[in-house]
Amino acid sequence: MIEDQAIFGYSRYGKIGDVVFPALLRTASDINYDEKYIEILGERIPRQILYPAKIKQELLETENLIIIPNGMELVRRPKDLVRLIMDIHSKYGFSKLIFISGLSDPYSIPALVYLGVSFFDDSVLDMQGKMGYRFTPFGIDRTDHDVSAENNAFISEIIQDIRSSIADGTLREIVEKTVVSSKAAEIVRIADYSYYQEFEIVFPARTPYIKANTIEDLYRPDLIRYRNYISNSYVKPDLDVALILPCSAKKPYSYSRSHQKVIGAIGDLRKYIHEIIVTSPLGIVPRELEETYPPRFYDIPVIGLWYEDEKVMMKRMMRSYMDRNRYRKVVAFIPDDLEFITEAIPYPYEVIEFKSTNLSKLNDILKKEVDSGKSVNQKIVKYNSILKYQFGDWLMPLISGYTIRRNYNQDMLVKDGKILFVYNEKMGKFTINKASADMFLNNGKFLVEIDDFKPTSNVYAMGVVDATEDIRQEDEVVLVHNGEIRGVGIAKMPARAMIELKKGVAVKVR
């Protein structure tokens, strides 16, 4: 039986029998041959199916595996290979593991694991080593001797790093760091560009961090998910003056020295002004969302230069945002390298160069604009925005009129004497309390239906009966059985995996 220990999107880390996956199966020890059959993981497979004489895309299904023959040829056609793998996910979900035979490009292994491949064999890779082709972190070297043992060690280290990254939620970073092969880059780009919807439903709601060092990060599913929310769903607070600011290296932005100077300069005027930060790869970050994911958890080189793709993305987002969220006046306190963003503001604006000597000027302009303007409670605005972003607009009428109570260095949202949510400042998110769980049950949101038992520290996949489609890995969820609330926790798998898998932690109970 397949025993999953960790999941990241379609990628899986676990065991099948005594074999830990993802894995490179050794033809000398893990795969047994005779004239007619090949035995892999205890399953006998006809040789002619696994290694056909002609190039085919016929798949072999066994009890636990879907086997893709001719990996050496398919990896040369990334579009066909990605389509084939995504078709497998569509048909089989998480019920099978994927094995690609005859892979010739070790640098594509991280990208293929990201797509959901769990097994490879070394039949071609070993031959390349015997011919003197050495695999290094920077590409292939040619030698005059057998380097197959070195290559095996190199690939084993990659596989081990991949397993660890699946477990700790950093697989995407590993994939981007190891895109040495052009084919690997194509695989990731095709997955991002052509299969966003398929990856979005399984991509974690949050990861430990985002190292946005390449242009590829613009197309991470979690970042597109965030940008789509800001462009299509986010509603600004009831303020009619906007202040546009640049990002900072330190997160949250308001902790940085540059933003502290701005905050100090405008002082009490802040409650009349809606602050908006422009940045890549996020595009737009309303100030009230700066503590949540992904705004608080990304890092980029801050050099004052922007790729054309970044400029296009940022202007498109600004235009969409401003069309939906209109202001009476926009003030852009930005450096010269960000002035391109003003092309997307469809109504009156004023630009002030972002430097300390202009802070008094900024104060004067804002003071003139907000003398008779509307004001808001900034903490309420922040918490409302995070709640809507995290759970959806449906929740807001149900908690209207809540108050904020500070206990144990945490803010708690209280209504009718009951603690509904607790704010986790470090994570920038709310945790569901049992007093608010019935809201989720009554509205069919973020629910995991379990068998008749009392959950303790973990709920395993074998105990899950159903799960709502809105659940992403790392989401807050409510555990229920036949309409009875049994607990709350954090999803450790996407919804479909919870339903289809038999082993592995589905929910970490709080």
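**Exercise 1. Determine which elements the buried residues of α13 pack against.**

*Solution.* The buried residues of α13 pack against β15 (241-246), α11 (257-266), β19 (329-334) and β20 (349-353). Buried denotes under 20% relative accessible area with a 1.4 Å probe, protein chains only, and contact denotes heavy atoms within 4.5 Å. The buried set consists of Leu359, Leu362, Asn363, Ile365, Leu366, Glu369 and Val370.

The model is predicted: local features need pLDDT of at least 70, side-chain atom pairs count only at pLDDT 80 or more, and totals for chains, interfaces and linings use all residues. Residues are numbered from 1 along each chain as its sequence is written, and side-chain values use heavy atoms, with hydrogens and water left out.

**Exercise 2. Describe how α11 and α13 cross.**

*Solution.* Step 1: the two axes come within 9 Å and cross at roughly 45°. Step 3: the contact joins Lys261, Val262, Ala265 and Ile266 of α11 to Leu359, Leu362, Asn363 and Leu366 of α13. Step 4: by class, this contact has six nonpolar, one polar and one charged residues.

**Exercise 3. Describe the packing of α5 and α6.**

*Solution.* Step 1: helix α5 (residues 123-130) packs on helix α6 (residues 148-168) at about 135°, with axes 7 Å apart. Step 2: this angle makes α5 oblique to α6. Step 3: Leu125, Asp126, Gly129 and Lys130 in α5 meet Ser148, Asn151, Asn152 and Ile155 in α6. Step 4: the contact comprises two nonpolar, four polar and two charged residues.

Note on methods:
Buried < 20%, exposed > 50% of the residue type's maximum accessible area, 1.4 Å probe, protein only. Helix = DSSP H or I, 4+ residues; strand = E, 2+ residues; numbered from the N terminus. Axes fitted to C-alpha atoms, helices over the stretch in contact; angles between N-to-C directions. Nonpolar A, V, L, I, M, F, W, Y, C, P; charged D, E, K, R; others polar. Parallel < 35°, antiparallel > 145°, perpendicular 65-115°, else oblique.
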